[in-house]
Amino acid sequence: MQNKGAIRVFAILLALVSLYQLVFTYQTRQEENKAKEIAMGDQQIEANYLDSVANEPIYNFLGLKKYTYRECKEKEINFGLDLKGGMNLILEVRVADILKALSNYNSDPTFNKALQIAEEKEKTSSENFITLFYDSFKELDSEARLAAIFNTVELKGRIDYNTSNDEVIKVVREEAKSAIDNAFNILRTRIDRFGVTQPNIQRLEKAGRVLVELPGVKDPQRVRKLLQGTASLEFWETYELSELVQNLIAANNKVISIENAKAALNKSAKPVVDAEESEAVKVDSVKTDEETTDDLLSQLDEPETAVDSLAAPQTQNSLFSVLNPSQRQSGPLVGYSLAKDTSKVNSYLQMDQVRALFPKNVRFMWGVKPLPPRELEDGKMGKDEIFELIAIKVTSHDGRPPLEGDVITTARAETGQRGDYEISMGMNTEGANVWARLTKASIGKSIAIVLDSYVYSYPTVNAEIKGGRSSITGNFTPEEAKDLANILKSGKLPAPARIVEDTVVGPSLGEEAVNSGLSSFALAFVVVLLYMMFFYGFKAGAVSDIALLANMFFILGVLASFGAVLTLPGIAGIVLTIGMSVDANVLIYERIREEMAAGKGVRLAISDGYKNAFSAIIDSNVTTFLTGIILFVFGTGPIKGFATTLMIGIATSFFTAIFITRLIFEWLLTKKVDLKFSTKLTQGFMKNTKIKFLEKRNVFFMISGIAILISVGSLATHGLKFGIDFSGGRNYVVRFEENVSASNIQSALADEFDGSNVEVKTYGGENQVRIATNYMIEENGIEVDNTIEQKLYNGLKPNLGADVTFDDFINNYRMSSQKVGPTIATDIKTKAYYAIIFSLIVIFLYILVRFRNWEYGLGAVVSLIHDVIIVLGIFSIFYSIVPFSLEIDQAFIAAILTVIGYSINDTVVVFDRLREFLGLYPKRDKVGVLDSAINSTLSRTINTSLTTFVVLLVIFLFGGEVIQGFVFALMLGVIVGTYSSIFIATPVAFAVLDRKRKKNVIVNK
């Protein structure tokens, strides 16, 4: 074995990196377990504890670097929402809405008709919306001019009446892209402010779509309302801090008295304090108004920053214990608060007794971003996030701001005279007049620029600003200036984000998924370890088991280092990788057994066994890896997780099977260990078989033909059960206290949902059902989902019990929900077709390149089509019979592609042996040679298929109902794929080759 030193170094480095990455997961789990022990079941206490230690070091890496809980959390293995609960959304900012806004909601009939046609075309087309709109517009009226529609005040200077249609479309594309960018920035800001751990937001391939993942969300309705609301840009007048000093003092004293009153109510549960001591504490804790006024006013003049005092210990519950007053002598800045204390400040300021102490027209708003980190006494930078609280003045009777974002026509980031970044903006005529009046009234004071109730900037006005032109300064970075300019522009494009896909997984269902997934994973792993030692003997089996253990360690380490998300299908991918990684070991061991049977010594047999098995291992791994790439490209959400773990598993299993096991065998040989690769029970397994596969090929063709005819017949008459991924609709999983009747629930919900299609099926236990409906699936809006959930609750209430409220139902009985809109369902269906067709093409081309013979590629593709049709046929026949879901959804497409990868894996191994035997025996009868080649692979084929099938069977039985349909498809694929690789692929390739040979003979004659 060459380069043993380099392989050892690489293995050690990979192990160290994996260990380094996995330690963070271990440390966070330790801290979270501690939080659970302290909380004793109280989720709020648990959350408060974890929040308090977020910036505290919990892990010291070799004494070189300390990591806080938050930093460890960022580096741990991420669990998907199906494993820890939460919310997964795909939002769409509809380009049609953007075009309407750009046209200033023009009523031109051709324009609006073109929008309607484009929306219909978009459901079945992969073309972008603006192109579809332009084509539709020209089809309706080839002479119509877009300039007449888009020549608005907002687009003045870019579009006039002489602008050609092509030039208008170019401007519209740019504006639409800018609007989508703005929407993404706004959504990201809203999510960052939502307060969930490890949120994920990313743009999707289709313009205007954004994926949002929010783990651990407890209030989905609030999320939907927050994300679907139109961005609100506002300009507000502000209070000066000096105007509110007395009010703040009074508020602070009022909070102290309220907290003392609360403490008195709980006093009976605590040890009695000496009355004299208690009175002393009371006198000491509450200062007089005069003393507090002096302290606060003196602080305004002190050079020390109020921010530094945030770190000072507080001895009582008061407003000033969580809000430090500002030191500035002028301006609307009220004070500073730690991020974890902002909710406490809000609760204090919203108390009726406290609110009554302030002017009726004052409104408090937080700054959108924390202050820059401050330097501590030890020279290190502080990690606590500190936010500013701003005092807004409401001057209108209706509570509206004096100026809103719809007046902004232009906004761009520029460099000021001093080299700092600022935002230059322009307004329409109406906005310019209001802006002039507003700035004239605010000279020497600040105007707050607010988006979504958060203050982005509060510049001081130095003079009246006429003409609607002005600039905003605020110590911006280039990125911040650009973002704020985009935010200012976003006010003129009111394009709401609509939820087109919505999945909610309750925390208890997520916990059950983890338990069932991990238990099936552990059990399957143990089964494989024991089987390898049973079949190949203790020593050789132990070597492969060490490789499998190393493989698992490396997979988890790489997942953590890449920041990949582990989902339930991802666990299935890892377990499937276990079964498939055995294949490489089986190939090597079977080759070693053949070499030893030929009379070679152990050392030479091992060397030649690895050498001869290498080609088949490469081919089988590459074809499966290609399938993983296609899954990753065309899949979304959990399917990407499955593809990620599959590809990582293939790479690590190749390394461990080829190199780690070889290093161990080399070490054992130097120690003179007696190695054997079989036991008495398995020594002669499938050896010297002489099955005449090719002679009986017509029998197998007939069997497959009948199976295909039955499948096609069922597909034509019975069809398939499409999941909401493909058809659009809503799914709910609901769990009851007692067993329920699915038919009774279906009748109740059909009435509640106004006769719409409703399907109810027992899901797992008799006390749990899965409800599917297309009710109001075409409707969009913030309140639609809430309305449907209310109707669902009303229909289920007789089975829930009179004491169960709507909130109880949402939090404790509705285990999960999923919504897929019609447009996203069409896109998923289109991607699924592309994925299957593209995978077949890629595999055909790979076989063609590797074996330099298109007949082999044809045999492989025919066997794959055979597998897909039969699996589809079985799903069609049994979907209404079996007690688990056999829907055609994204998970099924992932299963089909995995089946394709697995089947081609088997086929390639057989083809590799065919190529070898034809090269060794060129003058022998080809039928006999091919039969011998297939017979020689039977031991490997059965071993691999059996271990993989057993692994999948364990997952099917113990992995939970969520992935039963997915795993069932994989189990079918293993059986059908093994059959086709032996009885279909090679006979088809031989039939074509034989016919070609006979034609050549006739031509030569």
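Which side chain does Arg 29 meet in a salt bridge? Its partner is Glu 32, with 3.7 Å from N to O, where a salt bridge is a side-chain nitrogen of Lys or Arg within 4 Å of a carboxyl oxygen of Asp or Glu. This is a predicted model, in which local features need pLDDT of at least 70 and side-chain atom pairs count only at pLDDT 80 or more, while totals for chains, interfaces and linings use all residues. Residues are numbered from 1 along each chain as its sequence is written, and side-chain values use heavy atoms, leaving out hydrogens and water.

Because Arg 29 and Glu 32 are three residues apart in helix α1 (residues 4–39), about one helical turn separates them; helices (H or I, at least four residues) and strands (E, at least two) are DSSP runs, numbered from the N terminus. Arg 29 is partly exposed at a relative accessible area of 27%, whereas Glu 32, at 14%, counts as buried, given that buried means under 20% relative accessible area, exposed over 50%, and partly exposed in between (1.4 Å probe, protein chains only).

A further salt bridge joins the side chains of Lys 73 and Glu 76 at 3.0 Å, N to O, and both of these residues are buried.

Elsewhere, Glu 789 and Arg 814 form a salt bridge whose closest N and O atoms are 2.5 Å apart. Glu 789 belongs to helix α26 (residues 782–800) and Arg 814 to strand β23 (residues 814–820), so the pair ties together parts that are 25 residues apart in sequence. Glu 789 is buried at 2% relative accessible area, and Arg 814 is buried at 4%.

Salt bridges that share partners join Arg 29, Glu 32, Lys 73 and Glu 76 into one network, and the structure holds 28 salt bridges.
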